[in-house]
Amino acid sequence: MVSERSLEVLRVIVQDYVASREPVGSKSIAERHSFGVSAATIRNDMALLEEEELITAPHTSSGRVPTDKGYRLFVDHLSDLRPLTSAQRHAIETFLDSSVDVDDVLARTVRLLSQLTHQVALVQYPVRSLARIRHLELVSLAPRKLMTVIITDGGHVDQRIVDVPSDLDDTAVAELRTRFNESIGGLGLTEAVAALGAVADKFPPGQAANAAAVAQTVREQVSANRQEKLLIAGAANLVRTEDDFHGSILPVLEAVEEQVVLLRLFSEMEADQRGITVSIGRENESFGLGETSILASGYSGVGTAVSRLGVLGPTRMDYSSNISAVRAVARYLSRTLGEPGGPA
């Protein structure tokens, strides 16, 4: 068992090591922090922490650094989250409020989170598995060219261009629009994909080929909204912290680039009572990220399942500030995407 004072010693070792990247010694702790005990007593506490594999000596110096297990205990007992400053909160509101659509708000979010934390920022695109199709609009651009516009119940708008095999006049476009909306209007995305397979069969032979071309394009649009993908910003921050990795950072950069790995990791992370998930060091080994920590929180909008945003960086990171930033940005993103008339 680790005593309360030993836990406090661990806390200051983590904080001082994160701040300085220098191993922390008992003398430094006794001089800089108000423990009211001698350096010898601090050394005894440090010896206990080392026996519990919570800290280790990186070389022969008297200083110690946290282990993955030490960071985990520190995070689990972290109660004094460092709140964002009023300037940081104002920056979040100002930066995200000027977004024009979902793509823009997510691009701004990932850049902002990277700037706030100085880590790699990750934002999972909203998974619109709960969304329903409110309306399909067809706009004639040329006799054989249409724009298909899908509008969901959450206000999301997606548009594509489709070339059809034969000329369409306004009457034919109106009939396509009516029959497609009768078939898929009000359906969830998964149901709509299934229903689109039979839409072309409802048209006479002369119009079936055009209907099939529209159905294929709409199917691709709907499927794209059901797929999972990430936006990533701040990969250069990994290079700036390269000294925190014992080997090459290339495997980490490759894992970041390979989105499927991070999406799988996100799917397996469970939030704590603060709404935050923290996965540290060896806990990420099976994903090829054994020297990194990932902090994540969930967000959601109208008609979407819970998606995740977070940061990835070396285990030597400012957990208190980063958790506050991730949580604050996630909450604000949920409000932005959930507000009527918000980014579509």
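Mentor: One definition to start: two strands pair if DSSP finds at least two bridges between them. Helices (H or I, at least four residues) and strands (E, at least two) are DSSP runs, numbered from the N terminus. This is a predicted model, where local features need pLDDT of at least 70, side-chain atom pairs count only at pLDDT 80 or more, and totals for chains, interfaces and linings use all residues. Residues are numbered from 1 along each chain as its sequence is written, and side-chain values use heavy atoms, with hydrogens and water left out.

Trainee: OK. How many bridges join strand 4 to strand 5?

Mentor: There are 8 bridges between strand 4 and strand 5 (residues 145-152), and the two run antiparallel. As one example, Val139 has Met147 in strand 5 as its bridge partner.

Trainee: What sheet do they belong to, and in what order do the strands come?

Mentor: An open sheet of 3 strands, in the order 4-5-6, with antiparallel pairing. Strand 4 (133-142) and strand 6 (157-163) are at the edges with a single partner strand each, so one side of each has no neighbour in the sheet. From one strand to the next, the twist averages 20 degrees.

Trainee: Which helix packs on that sheet?

Mentor: Helix 7 (residues 170-184), which touches strand 4 and strand 5. Contact means heavy atoms within 4.5 Å. The direction of helix 7 makes about 160 degrees with that of strand 4. For such values, axes are lines fitted to C-alpha atoms, for helices over the stretch in contact, and angles run from 0 to 180 degrees between N-to-C directions.

Trainee: And how does helix 7 pack with helix 8?

Mentor: At an angle of about 130 degrees, with the axes 9 Å apart; helix 8 is residues 189-196. That makes helix 7 oblique to helix 8. On the cut-offs, angles under 35 degrees count as roughly parallel, over 145 as roughly antiparallel, 65 to 115 as roughly perpendicular and the rest as oblique. Phe180, Ser183 and Ile184 of helix 7 make the contact with Ala192, Ala195 and Leu196 of helix 8.

Trainee: Changing topic: which residues of helix 3 are buried?

Mentor: Ile42, Asp45, Met46 and Leu49. Buried means under 20% relative accessible area, exposed over 50%, and partly exposed in between (1.4 Å probe, protein chains only). The four cover an arc of only 100 degrees around the axis, which puts them on the same side of helix 3. The arc is that of the directions from the helix axis to the C-beta atoms.

Trainee: What is on the other side of helix 3?

Mentor: Asn44 and Glu51 are there, and they are exposed. The buried residues of helix 3 pack against helix 1 (4-20), helix 2 (26-32) and strand 1 (55-56). After helix 3 comes Glu53, which has a positive phi, near 60 degrees.

Trainee: Now strand 3. Buried or exposed?

Mentor: Buried: that applies to 5 of the 5 residues of strand 3 (residues 120-124), so the strand is largely enclosed by the rest of the structure. Val120, Leu122 and Gln124 point one way, and Ala121 and Val123 the other.

Trainee: Why do they point in two ways?

Mentor: In a regular strand the side chains alternate between the two faces of the sheet.

Trainee: What does strand 3 pair with?

Mentor: Strand 3 pairs with strand 10 (residues 307-314) over 4 bridges, in the antiparallel sense, and Val120 has Leu312 in strand 10 as its bridge partner. Another 4 bridges join strand 3 to strand 7, also antiparallel. There, Val123 stands opposite Leu231.

Trainee: What does Leu231 touch?

Mentor: Leaving aside neighbours within four places in sequence, its contacts include Leu106, Val110, Leu122 and Tyr125. Leu231 and Val110 are 121 residues apart in sequence, but 6.8 Å apart in space, C-alpha to C-alpha. Leu231 counts as partly exposed, at 23% relative accessibility.

Trainee: Last one: where does Phe245 lie?

Mentor: In the loop between helix 10 (236-240) and helix 11 (250-257). Phe245 is buried, with a relative accessible area of 5%. Not counting residues up to four places away in sequence, Phe245 touches Leu238, Val252, Glu291, Thr292 and Pro314. The C-alpha atoms of Phe245 and Thr292 are separated by 8.5 Å, with the two residues 47 apart along the chain.
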